[in-house]
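Let's take a walk through this model together, one region at a time. Keep the sequence and the 3D view side by side as you read.

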Amino acid sequence: MDENRPVKIKIEDLVLIFGKKKEKALQMLKQGKTKKEILEATQCTIGVSGASFEILENEFFVIMGLSGSGKSTLLRCLNRLIEPTAGSVYINGDDITRKTHKELLDLRRTEMSMVFQKFGLLPHRTIIENIAFGLEIRGEDAEIRKEKAQIALDTVGLRGFEDQYPAQLSGGMQQRVGLARALTNSPEILLMDEAFSALDPLIKTEMQDELIALQEKFKKTVVFITHDLDEAIKLGDRIAIMKDGVVEQIGSAEEILTNPATEYVEAFVKKVDRKTIITAGTLMHAKPTVARLGKDGPEGTLRKMRATGLDVLPVVNDQQIFMGFVWVKDAIQCAKEKEKTIHKILLSDVPSVTTEVTVEEMLPLISATRSPIAVVDGEEKRLLGIVTQNSLIIEATRFDEQDIQDLKEQANNS
Amino acid sequence: MEKTIDIGQYVAVAVKWLTDNLRPFFDFIKVTGNTGIESLEWVFVQTPFYIIIALFTFIAWKQAGKSIAVFTLLGLTLIYLMGFWEETMQTLALILASTFIALVFAVPLGIWAAKSLTANRIIRPLLDLMQTMPAFVYLIPAVLFFSIGKLPGAFATIIFAMPPAVRLTTLGIEQVPKDVLEAAHSLGATSKQILFKVELPLAMKTILTGINQTILLSLSMVVIAGMIAAGGLGEKVLEGINNLDIGLGFESGLSVVILAIILDRITQAFGNKELSK
């Protein structure tokens, strides 16, 4: 990560207390009393207790925690949908907790937009009117509103749905509208509160991928709330893990998975069985070098193997459909016999999987064969990539490449 | 049992004080109110009956569909043929005027009650009182303040018919989903923008139900108001009662029912249209 980027959002000793006797509760909190003691003495609950961290410009920052951890509350302090009880929130170096109501409205209109779990669309307005709502609030002309909203609508891939009403759209599409509405204000900061949590898993994955693509294109500072570690790892440049209103750890996905700072984070990470999460789709080498059946003869195949340094190549037909594997020793034999094609040496009785198959499910497949596993799309079996046995074992055992090499040698020698 | 607590005397004193000291104020209201209602009545009565029938049939057809339109056409024609046209138009004018005034107070009160807990705490018991107090009781202060005639009729009607509109406005605004409100706030909407662009449109169906209830309650009160010479169908019904004239009672009663059904279906259709969006 580029540490030279300017700080976009800085949170300093942010405290949020729900209840009537906030002052007393705040004092007790400063004295180091526990949540329970404070609740008993004042009937106040602590939403966020003393969070301090920085979010850099263009960073994709994920705040993760279970429900009740204070993550959504913290997010709402960033645009003061909830008033912080104490502490400061700096945006571009400006303390927004000191801003007047009017300045705050201005900030919300131009600087930051928010996307909600339940979308928050206006049911009595069409899609295009919903998307233009932020501009309308800002007092822009109808002409400009329509133009900008149309651009945002196209960006999220909803062209043609302009005049529908939200209720006519699926959840995923409604959230696209929510995203488009947030984008039309061209804010520098996007606040996303469990934005994809209400969507079904397939749509969720799709939306995550699109958000990543959008982020690459627009380079916003994104603060994304989720309870799903998988999602956090996929999206976040850095992840903050929250528990009981306290930020337990901040770091990249890698750092958090490998060096959990507290027992809580560890428990969280442990619960995530990587074998059940990592799929063929993420593990595969996409667009591998292939031998083409009917086109590449044994010589051509050998040349490709030499060029890539592989001793096995997947074979596809002229429609990119996966047919099997060829091994280098068979290809050499075949070349000696002056065969014209590789039909004879094609091993077609090999496993293939679709992208969403997990490591755990793939493991049994490699015990029966030495060949890699082909990853194909579901219907037509077009080859998408291959998963090598090594990468599969690395993922499953967390041994590194050298360990596996040693183990293999040991096995071969004995 | 002997009467030990006499709340009634205080109420009587208060009302007497009001009538003695605010006489010019009440007179002013009476004159302006009467003028307003009578002009509206004049418009309805002077417009040829076929134009009114055509107009209502058209609105019913546009809003509520063919069957309600046919009912409106036949119902109003029946009223005309029974000879109650003028009374029906007087009643209609009184209902529309009362409903309009009731809504002018009810909708803002409902909004206020939804926004402020204190307001809600004051308004709610008042509404309970207004709704459960026997309707005839309102006739007494109405007469004391404004003597008899159209305006005291409208006054009693307004008090009696207002509560559902207040309640349903409050309910409608409280029912606006939190996430929609948050979204509007997050885009930097002012409270005025939130009210007019989010809360009122989303509460509209519920508010329209309230308006529908107000109209129907006005209709039931208008008949009672006939007792203080508010005119219209109410007086015909009373005449039927006083003379034990079952024919007259039934015909004028039937006219009230027809008017009620037409107004109910048309206003309900407005609400349903709002929903189907």
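Predicted model: local features only at pLDDT ≥ 70, side-chain atom pairs only at ≥ 80, totals over all residues.

Two helices of chain B, H6 (117-132) and H7 (139-146), each contribute at least two residues to the patch. H6(B) gives the largest share, with three residues, and B:Ile122 is located in this helix.

Now move along to helix H8 of chain B, residues 150-174. With 25 residues at 1.5 Å each, H8(B) should span 36 Å, and because its end C-alpha atoms are 36 Å apart, expectation and model agree. Look for B:Met162, though: H8(B) has a kink of about 35° there, shortly before the proline B:Pro163. Is this helix mostly covered or mostly exposed? H8(B) is mostly covered, with 21 of its 25 residues buried.

Finally, let's turn to the annotation. An unreviewed UniProt entry gives chain B the feature "transmembrane region" at residues 42-61, 68-85, 91-114, 214-234 and 246-263. Two of these spans are worth checking in the model. Residues 246-263 of chain B are 100% helix and 0% strand, and their end C-alpha atoms lie 26 Å apart. For residues 214-234 of chain B, the values are 67% helix and 0% strand, with the end C-alpha atoms 18 Å apart.

Conventions:
Residues numbered from 1 in each chain as written. Chains lettered and ligands numbered in written order. Heavy atoms only, no water. Helix = DSSP H or I, 4+ residues; strand = E, 2+ residues; numbered from the N terminus. Expected span 1.5 Å × (residues − 1). Bend = angle between axes of the 7 residues up to and from the residue. Buried < 20%, exposed > 50% of the residue type's maximum accessible area, 1.4 Å probe, protein only. UniProt positions renumbered as here; feature names shortened; annotations may be inferred.
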